[in-house]
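Biologist: Can you walk me through the charged contacts here? Show me the model to start.
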Amino acid sequence: MRQLHAHHAIHQGGLSGAVAITEKMEELLREKALEEARKEADHLIEYWETRILSHADAEEEGFYQEILEKNPSLKDNVGKLIHEHNLLRMIVNNIKKAIDEAGLTPEVLQQFHALLVVNSIHSQEEERILFAEGSR
């Protein structure tokens with residue numbers, strides 16, 4: 001995780017998995033297979049929690065701390081990256097609540113897509129900040 005190519009591969013693998021599960025869920029919805037789509041949505045939420053957010057937790061507990069020890073001037077940028085992790089956590093929690101209340105609505109689908117967008121931008125920024133600036 002501490003080398004750019006390895007970190008990038010982790011991020012790309014996580015994102016591509018989330019995209020694939022999202023697409024499968026949407027395909028099931030188009031086919032009107034609502035029960036299966038709901039199961040896929042639950043699988044997608046679990047994926048975000050166990051793959052993406054657990055990686056974020058690990059970064060915050062170890063990697064970010066190491067970066068700050070080497071380069072304390074990155075404190076504000078690391079704070080922004082943690083905030084982005086928190087946004088992902090909030091969106092996942094919003095999705096869980098919305099699905100429990102109303103099922104797989106268009107708004108829930110928008111939030112699943114928001115996760116993909118925020119995660120993609122976050123990964124790009126993390127690599128730019130921590131591997132370009134952090135290596136100075």
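Modeller: Here it is, and it is a predicted model. Start with a network of salt bridges that links Arg38, Asp42 and Asp100.

Biologist: How many salt bridges in the whole structure?

Modeller: The search finds 8.

Biologist: What does Lys24 meet in a salt bridge?

Modeller: Its partner is Glu40, with 3.9 Å from N to O. Lys24 sits in helix H1 (residues 4–30) and Glu40 in helix H2 (residues 34–70). The two are 16 residues apart, and the pair links distant parts of the chain.

Biologist: Is Glu40 buried or exposed?

Modeller: Buried, with a relative accessible area of 11%. Lys24 is partly exposed, at 45%.

Biologist: New topic. Which side chain does Asp57 meet?

Modeller: Arg89, in a salt bridge of 2.6 Å, N to O. Arg89 belongs to helix H3 (residues 75–102) and Asp57 to helix H2, 32 residues apart.

Biologist: And how accessible are those two?

Modeller: Arg89 has a relative accessible area of 18%, so it counts as buried, under the 20% cut-off. Asp57 is partly exposed, at 31%.

Biologist: What does Glu60 meet in a salt bridge?

Modeller: Arg89 again, at 3.1 Å, N to O. Glu60 is in helix H2 and Arg89 in helix H3, so this pair ties together parts 29 residues apart in sequence.

Biologist: Where does Glu60 fall, buried or exposed?

Modeller: Glu60 is buried, with 18% relative accessibility.

Definitions and conventions
Residues are numbered from 1 along each chain as its sequence is written. This is a predicted model: local features need pLDDT of at least 70, side-chain atom pairs count only at pLDDT 80 or more; totals for chains, interfaces and linings use all residues. Side-chain values use heavy atoms; hydrogens and water are left out. A salt bridge is a side-chain nitrogen of Lys or Arg within 4 Å of a carboxyl oxygen of Asp or Glu. Helices (H or I, at least four residues) and strands (E, at least two) are DSSP runs, numbered from the N terminus. Buried means under 20% relative accessible area, exposed over 50%, partly exposed in between (1.4 Å probe, protein chains only).
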